[in-house]
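Trainee: Could you go through this one with me? I'd like to begin with the ligand and then move on to the domains.

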Amino acid sequence: MEIKKIAVLGAGQMGNGIAHVCAQAGYQVKMRDIEQKFIDKAMDTIRKNLERGLKKGKITEEEVEETVGRVEGTLSLDDAVKDADLVIEAVPEIVDLKLKTWKEVDEKAPEHAILASNTSSISITQMASVTKTPERFVGMHFFNPVPVMKLVEIIKGAATSDETVDAIEQVSEKLGKETVLVNEAPGFAVNRLLVPAINEAIFAIQEGVATVEDMDKAIKLGLNWPMGPLTLADFVGLDTLLYISDYFVEEFKDSKYRAPALLRKMVRAGWVGRKAGKGFYDYSGEKPEPLTF
Ligand code: 3HC
């Protein structure tokens with residue numbers, strides 16, 4: 001079956017990036033969120049990110065307009081999924097919310113649709129179990145910023161069929177991405193390493209080992225990371241990191257994955273990183289300013 005229509009659930013940081021790359025690859029996209037202001041913001045972001053390529057002469061104005069024209073925002077889940085060939089869910093990383101969303105999608109999406117979650121860590125098998133077609137359920141994990149990052153992790157749940165994996169490989173290739181196939185495990189391959197590494201940097205800040213600026217500089221220059229771990233934490237979102245850490249502790253039953261108290265405190269304060277204007281850096285000025293802890 002050829003995939004032509006894609007529903008993207010959630011218009012946040014990941015959702016708008018996924019909608020962007022799908023539309024740019026020629027798919028017809030319906031992007032769903034629960035408030036119009038989230039959809040408006042996502043449409044603005046998609047246009048701005050496409051215009052980066054326009055300024056550099058990598059795409060034409062016509063391609064920008066055509067791509068934006070292929071994304072339709074909607075507040076209705078029914079409208080988003082009713083004729084979708086592929087549903088990609090990118091709602092916040094909260095187990096109950098994901099399960100509730102998938103139960104609703106299962107009632108409204110066509111039988112043939114492939115169901116893919118962009119979860120950062122949560123069990124594919126658990127989400128698949130609330131649908132009637134667990135063989136068509138798969139993990140499709142993108143990385144931020146989606147238009148730039150080359151990887152899609154494809155995650156196989158207990159019942160995911162080979163046909164479903166093949167279909168997602170083909171879509172990923174059409175999006176210009178490379179794929180790796182991972183068997184289900186909390187955090188899959190990338191976040192299993194990334195989240196403990198970022199947490200360790202936050203523990204070090206908490207213990208006064210180095211300043212935010214120096215910790216970032218050390219890892220950027222010492223390990224050749226494109227961003228230091230605290231800049232990356234702000235970029236990914238501290239709320240997402242906390243959800244993943246708590247989920248790891250619950251799933252692995254191992255306290256080595258515990259979140260630093262500083263991370264929890266910052267999330268409680270609403271300082272969840274770049275999207276909130278404040279995290280380990282303050283983004284209100286022209287240039288991010290590191291905070292002191
Ligand atoms: N949309 C489209 N294009 C973008 C973009 C965006 N949001 N952000 C940057 N770009 C483009 C720029 O236009 C530029 O394009 P060019 O090569 O054609 O000139 C290119 O990307 C590089 O951008 P910049 O020159 O502005 O800046 P940098 O060279 O500093 O790169 C970065 C920015 C690509 C974000 C780089 O800092 C980086 O790779 N950071 C690490 C990102 C990372 O680790 N992501 C994974 C996070 S983990 C995750 O997402 C999983 C989740 O489950 C937690």
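Trainee: How far from a nitrogen atom of the ligand is the polar side-chain atom of Asn49?

Mentor: That distance is 3.5 Å, and a polar contact here is a pair of N or O atoms within 3.5 Å; within protein, one must be able to donate a hydrogen and the other to accept it, and residues adjacent in sequence count only if both atoms are side-chain atoms. Keep in mind that this is a predicted model, in which local features need pLDDT of at least 70 and side-chain atom pairs count only at pLDDT 80 or more, while totals for chains, interfaces and linings use all residues. Side-chain values use heavy atoms, with hydrogens and water left out, and residues are numbered from 1 along each chain as its sequence is written.

Trainee: And which distances do His141 and Asn191 have to an oxygen atom of the ligand?

Mentor: For His141, an N or O atom of the side chain is 2.7 Å from an oxygen atom of the ligand, and for Asn191 a polar side-chain atom lies 2.9 Å from a ligand oxygen. On its own the ligand has 1000 Å² of accessible area, of which the protein covers 67% (Shrake-Rupley method, 1.4 Å probe; for residues, only the protein chains shown count as cover).

Trainee: How many residues surround the ligand?

Mentor: There are 18, with Lys56, Lys58, His141, Asn144 and Asn191 the closest; a residue is near a molecule if one of its heavy atoms lies within 4 Å of it. At least three residues of this shell come from each of domain 1 (5-183) and domain 2 (190-282), the bounds being those of an automatic or database domain assignment.

Trainee: Switching to the domains, how much area do they bury between them?

Mentor: Domain 1 and domain 2 bury about 990 Å², 59% of it on carbon and sulfur atoms, where buried area is the accessible area (1.4 Å probe) that two parts lose on being put together, summed over both. In domain 1, Gln13, Glu93 and Ser121 lose the most area to domain 2, together 37% of what that side buries. The centres of the two domains, taken over C-alpha atoms, are 26 Å apart.
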